[in-house]
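Welcome! Here is a short tour of a protein and the spaces inside it, with the structure shown just below.

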Amino acid sequence: MEEAEAKALFRKLKIRTLLDLALLLPSSYEDTRLSPRIEAGKTQTFEAEVTDRQIRGGRMQVRFRLPALGRQITGQFFKATPYHQRLFEPGSRHVIHGKVTLYNHWPQIAQPRSLKEYGRILPRYKSALKESEIRALIGTYVTERNLYAEGLESREVQLLMRRHFPDEYAGAGELSATPAGEELERLKFIEAFNHLKKLRSKRREFPALKALKASPKPFIDKLPFTLTEDQRHVIEAIRLDLAREERAARRMIIGDVGSGKTMVILAAATMAGKERAILMAPTSILAQQLYEEACKHLPEELETALVMQGRMEGDYREADFIIGTHALLYLEDLPEAALVMVDEQHRFGTRQRAMLEALVSQGERRPHYLQFSATPIPRTQAMMESELIDVSLITQTPFEKTIHSRVIGRSDFPELLKHIESELEQEHQVLIVYPLVEESEEIPYQSIDEARGFWEKRFEGVYVTHGRDKNKEEVLLEFRERGRILLATTVIEVGISLPRLSTVVIVGAERLGLATLHQLRGRVGRNGLESWCFLYSHQPDNERLTKFCRTRSGFEIACLDLAYRNSGDIVDGTIQSGQKFRWLDLAEDEAIIAEARARLGAKVPIEGEL
Ligand code: ADP
Ligand code: MG
């Protein structure tokens, strides 16, 4: 086959690699080897001679003699065309093929075919190509040699060859359309291996603007607490990243809300020292919080500036550490920085992300780039992504939070009210999350508009905000100081810290993804305050919610989320850019992915690093 032709076919199949092709397994097999005996229920092939036939209406019934077996069998044609009538003339000889059934103990085949070629097992492919095209393509490229050259081992090569060329490779009789057991395991492996290889080939590396070698130790030693092991490991990984000049760092640091990422950010800023660092946050509240933390903990010789729309602190043109919102991206005289960081990376819009990407993608030499995210992803997914950029996970939190999580229903409402009253008496705050602002017929829960009257009549200090609320940041800041109950939609996801918040009630919880529930629950108990998370649902025995209540680890929840999505239980329809695999299951197959990474020769990671 010509290479240009093959390329066109690859495009038509929407595949890129040899292993993509090899993984397009036949969807079924046609066994045209002569059967030694009649077996009802199987698709069989026999040499046969027509002894007689009856045609009535459109129907034709053909009696065959099977000389090799000394038996007879009937062929049924429900719509016998003239072609069929000519083909199955009495006395004619055939090799017939079809599924054998019993009718009053008498074997018969409905619509038997008369084969010209037989004695083989033919793979059948379902693809965008013609059967002959895909056979030719696979015949040309899927060879033992090519598969070994891709890095597969003997049992994987043999498996693929057996599946594509059942005739030439032993054990053909046992091929079922759906692989299982060891075979399924190896297919998962090949799929993972192929995917990792593709990601790795996309990885681009650039020299850094500067090697950053200032020590974070003085900063760490002066902190009023000791860092967690995870924090220290991540800082060490970053230290090694930044000290290199040949390669600009590209690292994603993922840790639950409250896992102490700010200290890691500040440690990185001290390593950049006078070579300058920029930190971008998704909201002004967050930028401000980060600025305050920086002023509190960073050594005095590092000048820090804050840049937000409508507010500036310090002079960013002179500062060593510039903190800001996306307003930073619009400055014309933003100085070049050797280190660029983004906090709560997952909260930026696509456009801002693109602008950020542009900021760190100019020139031959690039700044070191660290992204921080509070959206835990399953370890398996993180392992995959680490082929593209380096990934560190922070799974510990500095102090144990006590959060009681419970699914509640209508009948629990009076008790919930009592709980809220008692929390408010202790100067604690309560957040109630509604699915919508306005009433809707589609959702069997109250909206903010419907519910607010009830709360406002009964309690003081009720605040309301939602996603489209232009003043939401102000409302949140005011609520933080003076409020008692906050009614909101999931907007509250934005990482503002509300230290007195002890209770969150999520109305219609079964409608939300576990990741969202996890983010919402992360709002309470920020300072170790004993806290409660109530999932209000008309389905109080919802299994997904019950399981959610049993774990607090964002990484476990991400895995749960994945498992439920795989099982089709998608509630809010927000499937994230999940790679679809045919056999591999990201919720379960960590060991296989680890094996594939090892085969590819993964580097030796620092603890917590993938
Ligand atoms: P994240 O950004 O990961 O959600 P933060 O950095 O805001 O978390 O940290 C949450 C809280 O924990 C902050 O009040 C911070 O000062 C505190 N903190 C961070 N690291 C430690 C630590 N090692 N020991 C005690 N408290 C810590
Ligand atoms: Mg943070």
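How many cavities of 30 Å³ or more does a search of the whole structure find? The search finds 1. This is a predicted model, in which local features need pLDDT of at least 70, side-chain atom pairs count only at pLDDT 80 or more, and totals for chains, interfaces and linings use all residues. Residues are numbered from 1 along each chain as its sequence is written, chains are lettered from A and ligands numbered from 1 in the order in which they are written, and side-chain values use heavy atoms, with hydrogens and water left out.

**The cavity**

- On a 1 Å grid over the protein atoms alone, a cavity is a set of points where a 1.4 Å probe fits but cannot get out, and lining residues have an atom within 4 Å of a point.
- The largest cavity holds about 40 Å³ of space, a volume being the space filled by probe spheres set on grid points joined across faces, edges and corners.
- Among the residues that line the largest cavity are Pro-435, Leu-436, Tyr-445 and Glu-450.
- The lining of the largest cavity has 4 nonpolar, 3 polar and 3 charged residues; Ala, Val, Leu, Ile, Met, Phe, Trp, Tyr, Cys and Pro count as nonpolar, Asp, Glu, Lys and Arg as charged, and the others, Gly among them, as polar.

**The second largest pocket**

- A pocket is an open set of grid points with protein on both sides within 12 Å along at least five of seven lines.
- The second largest pocket has a volume of about 1000 Å³, and 35 residues line this pocket, with Thr-262, Gln-289, Glu-293, Ser-497 and Arg-526 closest to its centre.
- Helix H11 gives the largest share of that lining, 9 residues; helices are DSSP runs (H or I, at least four residues) numbered from the N terminus.
- By class, the lining of the second largest pocket has 11 nonpolar, 13 polar and 11 charged residues.

**Ligand 1**

- Ligand 1 takes up the space of the second largest pocket (more than half of its atoms lie within 2 Å of the grid points).
- Around ligand 1 are 16 residues, each with a heavy atom within 4 Å.
- Helix H10 (residues 261-272) supplies the largest share of this shell, 3 residues.
- The side chain of Gln-231 has an N or O atom 2.9 Å from a nitrogen atom of ligand 1, a polar contact (a pair of N or O atoms within 3.5 Å).
- Backbone N or O atoms also lie by oxygen atoms of ligand 1, at 3.3 Å for Ser-259 and at 3.0 Å for Gly-260.

Conventions:
A polar contact is a pair of N or O atoms within 3.5 Å; within protein, one must be able to donate a hydrogen and the other to accept it, and residues adjacent in sequence count only if both atoms are side-chain atoms. Helices (H or I, at least four residues) and strands (E, at least two) are DSSP runs, numbered from the N terminus.
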